[in-house]
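I opened this notebook to keep a record of what I looked up in one protein model, entry by entry. The sequence and the structure come first.

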Amino acid sequence: MDMMMAHGEQDDVATDPGPGRAARVIIVEDDERLRTYAIDALAAAPEIAVVGDAGCLADGLPLVDLLPDLALLDLGLPDGSGIRVIEAIRARVPACKVLVFTVFEDRASVLGTLKAGADGYILKDTSADMVLAHVRATLAGETPISARAASHLLSLVRDEPVAETSEPDAPHLSPRERELLEYLARGLSRKEAARVMNLSPYTVAEYVQGIYRKLHVKSRGEAVFEAIQAKLIRIDRE
């Protein structure tokens, strides 16, 4: 079963393409077969329009100027890292959602993508129906992450030594803020976390904004990255 991670206030607001306008999507993937596969998967949705695609970083970066609502991209491009596309999107079109199409080849790529602020992670063997479902979920403000991708991410985090206490200069998060961030990092949506923590969605939203403010971040991915680096949370608990 696939899991959905929830973003904060900024990320939970879906990119609004406007009345009658299809959501604009760009695809950056070097494998032509997979790129065509993704294009065909999204073609089934009348509310989504693929406005550009590329097979390398050099061709992918200019697609950011098309002002997409969502980018589906690979990290391991032949001429550079897809993280550069994420950074360009955050600078040029901050409201654009980013869904990474990955095989999670190395730990540095995963953590780098978190820091760059990707909105979701799906594996390259995801079915066409699920690719479309994940794109729709990402546009709706959720953060899709496939179960196997989540398992891989968790294994990477388990390999990172986590002290019983946070770093001396780490931002202070309250126990409830840490608990919430751990739930979000482990794959629960905001609504699910609110239910587990016996809190209202409005209280959870306030907690999320407090977390973002204290960590000086603007996305769930960045928050998780910074919290892990500062040893504020661990997400391998049962």
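My entries below go from the whole chain to single elements and residues.

**Ground rules.** I am working with a predicted model, in which local features need pLDDT of at least 70 and side-chain atom pairs count only at pLDDT 80 or more, while totals for chains, interfaces and linings use all residues. Residues are numbered from 1 along each chain as its sequence is written, and side-chain values use heavy atoms, with hydrogens and water left out.

**Confidence.** I looked up pLDDT, the predictor's confidence in each residue on a scale from 0 to 100, and found an average of 78, with 74% of the residues scoring at least 70. Over residues 1-15 the pLDDT stays under 50, although the model has 78 contacts for them beyond four places in sequence, a contact being heavy atoms within 4.5 Å. Residues 161-166 also have a pLDDT below 50, and that stretch has 11 contacts beyond near neighbours in sequence.

**Whole protein.** I noted 11 helices and nine strands, which are DSSP runs numbered from the N terminus (helices: H or I, at least four residues; strands: E, at least two). Of the 238 residues, 49% are buried, where buried means under 20% relative accessible area, exposed over 50%, and partly exposed in between, with a 1.4 Å probe and protein chains only.

**Strand β4.** Which way do the residues of β4 point? L70 and L72 point one way from this strand (residues 70-73), A71 and L73 point the other way, and all are buried. I then looked up its partners, counting two strands as paired if DSSP finds at least two bridges between them. Strand β2 (residues 23-28) pairs with β4 in the parallel sense over four bridges, and the bridge partner of I27 in β4 is L72. Strand β7 (residues 97-102) and β4 also pair in the parallel sense over four bridges, with V100 in β7 as the bridge partner of L73.

**Helix α10.** This helix (residues 201-215) has 15 residues and reaches 21 Å from its first C-alpha to its last, close to the 21 Å expected at 1.5 Å a residue; the expected span is 1.5 Å times one less than the number of residues. Among its buried residues I listed V204, V208, I211 and L215. Just after α10, H216 takes a positive phi of about 60°.

**Residue R178.** I found R178 in helix α8 (residues 175-185). Why does R178 count as partly exposed? Because its relative accessibility is 24%, R178 falls in that class. The C-alpha atoms of R178 and L232 are separated by 7.1 Å, though the two residues are 54 residues apart along the chain.
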